[in-house]
Protein chains: 2
Amino acid sequence: MAQSNRDRTSRRAIYLKLRQMVLTLELAPGAALSENELAASLGVSRTPVRESLILLSQEGLVQVFPKIGSFVSRVDPAQVADAQFLREAVELASLDDLPADLDAEVVGELRGNLERQRHADLGLEEFFELDEAFHQGLMRLSGHGNVWTNVAAAKGHLDRARRLGLHENVSPAVFAVQHHEIFEAVVGGDVPLARAAMRTHLRAVFSDIERIRAHSPELFASGPSTVPVRRNVVVWE
Amino acid sequence: MAQSNRDRTSRRAIYLKLRQMVLTLELAPGAALSENELAASLGVSRTPVRESLILLSQEGLVQVFPKIGSFVSRVDPAQVADAQFLREAVELASLDDLPADLDAEVVGELRGNLERQRHADLGLEEFFELDEAFHQGLMRLSGHGNVWTNVAAAKGHLDRARRLGLHENVSPAVFAVQHHEIFEAVVGGDVPLARAAMRTHLRAVFSDIERIRAHSPELFASGPSTVPVRRNVVVWE
DNA sequence: CGACAGATGCTTGTATACAAGTACTGGACG
DNA sequence: CGTCCAGTACTTGTATACAAGCATCTGTCG
């Protein structure tokens, strides 16, 4: 499961770093990216930076316009909805495939995960990390752990929308409680209850997005195809 | 929907061409790829070829081993099963979201598609093209047409396994009939029937794979991590 | 003052050169 | 004849150079 020792290439490190920065909104939606600037600030050449941007571009997190520039994708409500639909379909279907006796080790992991979610002084990113591990763990229970990779690759826009939502005012505590409810239904073997709890949970996560969009429209894509705008070139000196 | 005029880069053309060749088995699973050879045969430099291989690598269709070589991925039964689970979950959930009155234009497209599927002298690749358009069309009916992109990106191994199966002896006619049954249930507004027909169809597609695996094991991945082997270097001259 | 046109500096796309590492090959040696 | 070791040819990763295009700025002209 661990990555091979060989692929410690700088491209991979840069790709992961940029991806993290985009998902955590450290790189804001709509921000201009320059291969040259990134390369200089990271201390490498354009090549690994460029290849990373191409990968992020395929994930929809970055848009590259030839001869114009590269930009962090604005959060696209359509893609958010698509990701929501996909994850809900997959996670609910996964619950149907839960075996009679669950993998004790994974159950233990999930229990510890939920325990940590209870801590009140939990930072946003720490919570998201636990949230991610929790949902993936549930899918591992039904033998579909690797499918989470596909879900994760598709839900970049959804993740950013969630962070926008939680940056506002909502506390993660509500979601932690919902996680607990889902978990109890799963270990209790009550699949219909687990499905209902999961659906409620995922839709609660989704419901805030329109509110956020009204609040910060500049972070979202407006038209069907956003027109790129070269940023003003300001030279210091 | 059409791609911008600007991104007619050679990278995109090469990426699409290589992807097609991998999916149609024109490039056999396990085959060694060389960035230099591909570049030479395509009349371009390594750069666009390399970037295409990186994209295919992220899709799981190609494996790149630094300093060793690049190879067409062997068909991984685990990834086939994962893709089957994902597409089934998504396509069944999509049927639940069918609106009361269907988009007449899309319905017309699907009808024409099914008509063409009936032609007995249908080549394998032509059938696959129609099959792909049919399933995507169904998802467009329920407003989830763009999610098909995510499904398509995840089911490369499944597609190759299907082609291995159909190369053997099975006729596409059976699947055409199943498509018709699904379509009739959809236009008839009978969602449960549509779901049942869809599930039967998708599982029929899936069921042949183990047989194929027994017949041509060298095309499938065996262990958890396949060890790459540099091919013998044969120099003519 | 306004408008048009060219210079300029940025952007990404492609080509090429070099670096680092692997595996086979061939020969020397025990 | 077997074994070890160095050479060699290939691989991908990274750095750099050049090509082509867009947007802004600026100077000139009406």
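How many salt bridges are there between chain A and chain B? I count 2 salt bridges between chain A and chain B, bearing in mind that this is a predicted model. I looked up one pair: the side chains of R50(A) and E51(B) form a salt bridge, at 2.7 Å from N to O.

Next I checked which elements of chain A touch chain B. Helix 1 (10–23), helix 3 (46–59), helix 4 (77–96) and helix 7 (147–154) of chain A each give two or more residues to that side. Helix 4 of chain A gives the most, with 7 residues. By class I get 13 nonpolar, 5 polar and 7 charged residues on the side of chain A that touches chain B.

For the extent of the contact, I note 25 residues from chain A and 26 residues from chain B. The buried area is about 2400 Å², and carbon and sulfur atoms give 67% of that.

Then I turned to DNA strand C. Of the 27 residues around DNA strand C, those that come nearest are S34(A), R50(A), S10(B), S45(B) and T47(B). For S10(B), a side-chain N or O atom is 2.6 Å from a phosphate oxygen of DNA strand C. The corresponding distance is 2.9 Å for S34(A) and 3.0 Å for S70(A).

Helix 3 of chain B gives the most to the surface near DNA strand C, with 3 residues. I class the residues of this surface as 8 nonpolar, 9 polar and 10 charged.

Technical notes:
Residues numbered from 1 in each chain as written. Chains lettered and ligands numbered in written order. Predicted model: local features only at pLDDT ≥ 70, side-chain atom pairs only at ≥ 80, totals over all residues. Heavy atoms only, no water. Contact = heavy atoms within 4.5 Å. Buried area = accessible area lost by both parts, 1.4 Å probe. Salt bridge = Lys/Arg side-chain N within 4 Å of Asp/Glu carboxyl O. Helix = DSSP H or I, 4+ residues; strand = E, 2+ residues; numbered from the N terminus. Nonpolar A, V, L, I, M, F, W, Y, C, P; charged D, E, K, R; others polar. Near = heavy atom within 4 Å. Polar contact = N/O pair within 3.5 Å; in protein donor to acceptor, adjacent residues only side chain to side chain.
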